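Work through the exercises below with the coordinates loaded. Each task is followed by a stepwise solution.

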Amino acid sequence: MEAPHHQAPATTLKITVNSPEQMGELGRRLAKILRPGDLVMLTGELGAGKTTLTRGLGEGLDVRGAVTSPTFVIARVHPPLGAGPALVHVDAYRLGGGLDEMEDLDLDVSLPDSVIVVEWGDGKVEELSDDRLRVVIDRAVGDTTDEVREVTLTGLGARWSGEDLTLLAA
């Protein structure tokens with residue numbers, strides 16, 4: 001039996017995003033602190049802004065290809081145009097809960113050299129890394145406009161323990 005992992009305390013930041021443009025900008029800002037080997041898990045209902053955030057990440061990482069929802073291809077790799085890491089964008093929505101299906105994607109092979117973003121990854125990709133950034137996007141409660149989102153970023157593991165997520169709130 002494996003020894004239990006000792007998790008560093010989580011670092012959490014909540015941000016209100018008022019438009020798709022702001023969601024993309026959050027992705028561009030987030031790209032500045034991401035590095036090869038980072039795993040980002042995105043959670044939110046359909047239309048919450050997961051792909052919009054990832055599109056901003058792709059722009060910030062300066063990767064090739066338009067970032068679109070990979071729902072039907074499951075995973076899409078965007079190679080870097082410069083010296084930065086590739087972006088691997090995964091949509092785990094259609095995958096069952098089993099890790100076997102995720103293992104078929106060989107994400108662990110890509111992880112050291114890439115930033116991996118997994119939409120709908122809760123309960124499916126946690127075993128890839130003790131260090132991960134969990135991003136939950138919720139529609140603002142009680143708000144009448146459809147654009148406002150509450151974004152909660154939680155950095156888990158040693159990788160994120162010293163990271164100042166408040167820089168993203170600028």
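**Exercise 1. Find what lies over the face of Trp160, and give its distance from the ring centre.**

Solution. The model is a predicted one.
1. A charge counts as sitting over a ring if NZ of Lys or CZ of Arg is within 6 Å of the ring centre and within 35 degrees of the ring normal.
2. Arg159 lies over the face of Trp160, at 4.0 Å from the ring centre.
3. A search for aromatic pairs in the structure returns zero.

**Exercise 2. State how many helices and strands the protein chain has, and in what order the elements run.**

Solution.
1. The secondary structure comes to five helices and seven strands.
2. Read from the N terminus, the elements run β-α-β-α-β-β-α-α-β-β-β-α.
3. The chain has 170 residues, of which 45% count as buried.
4. Take the contacts between residues at least 6 apart in sequence: 65% of these join residues at least 24 apart.

**Exercise 3. Determine the strand order of the sheet and name its edge strands.**

Solution.
1. Seven strands form an open sheet with mixed pairing, in the order E1-E7-E6-E2-E5-E4-E3.
2. Strand E1 (11-17) and strand E3 (75-78) are the edge strands, as each pairs on one side only.
3. On average, neighbouring strands of the sheet are turned by 15° against each other, direction ignored.
4. E1 and strand E7 (residues 149-156) run antiparallel and are joined by seven bridges.
5. Within this region, Thr16 stands opposite Glu150 in E7.

**Exercise 4. Describe how H1 and H2 are placed against the strands.**

Solution.
1. H1 lies across E1, E6 and E7, and runs at about 150° to E1.
2. H2 packs on the sheet, where it touches E2, E4, E5 and E6.
3. The direction of H2 makes about 170° with that of E5.

**Exercise 5. Compare the span of helix H2 with the expected value, then list its buried residues and their packing partners.**

Solution.
1. H2 covers residues 50-61, which is twelve residues.
2. From first C-alpha to last, H2 reaches 16 Å, close to the 16 Å expected at 1.5 Å a residue.
3. Applying the cut-off of under 20% relative accessible area, the buried residues of H2 are Lys50, Thr51, Leu53, Thr54, Gly56, Leu57, Gly58 and Leu61.
4. An α-helix has 3.6 residues a turn, so residues three or four places apart point the same way.
5. The buried residues of H2 pack against helix H1 (20-31) and against strands E2 (39-44), E4 (86-91), E5 (114-119) and E6 (132-139).
6. After H2 comes Asp62, with a positive phi near 60°.

Conventions:
Residues numbered from 1 in each chain as written. Predicted model: local features only at pLDDT ≥ 70, side-chain atom pairs only at ≥ 80, totals over all residues. Heavy atoms only, no water. Helix = DSSP H or I, 4+ residues; strand = E, 2+ residues; numbered from the N terminus. Expected span 1.5 Å × (residues − 1). Buried < 20%, exposed > 50% of the residue type's maximum accessible area, 1.4 Å probe, protein only. Contact = heavy atoms within 4.5 Å. Phe/Tyr/Trp six-rings, centres within 6.5 Å; stacked < 30°, edge-to-face > 60°. Pairing = 2+ DSSP bridges. Axes fitted to C-alpha atoms, helices over the stretch in contact; angles between N-to-C directions.
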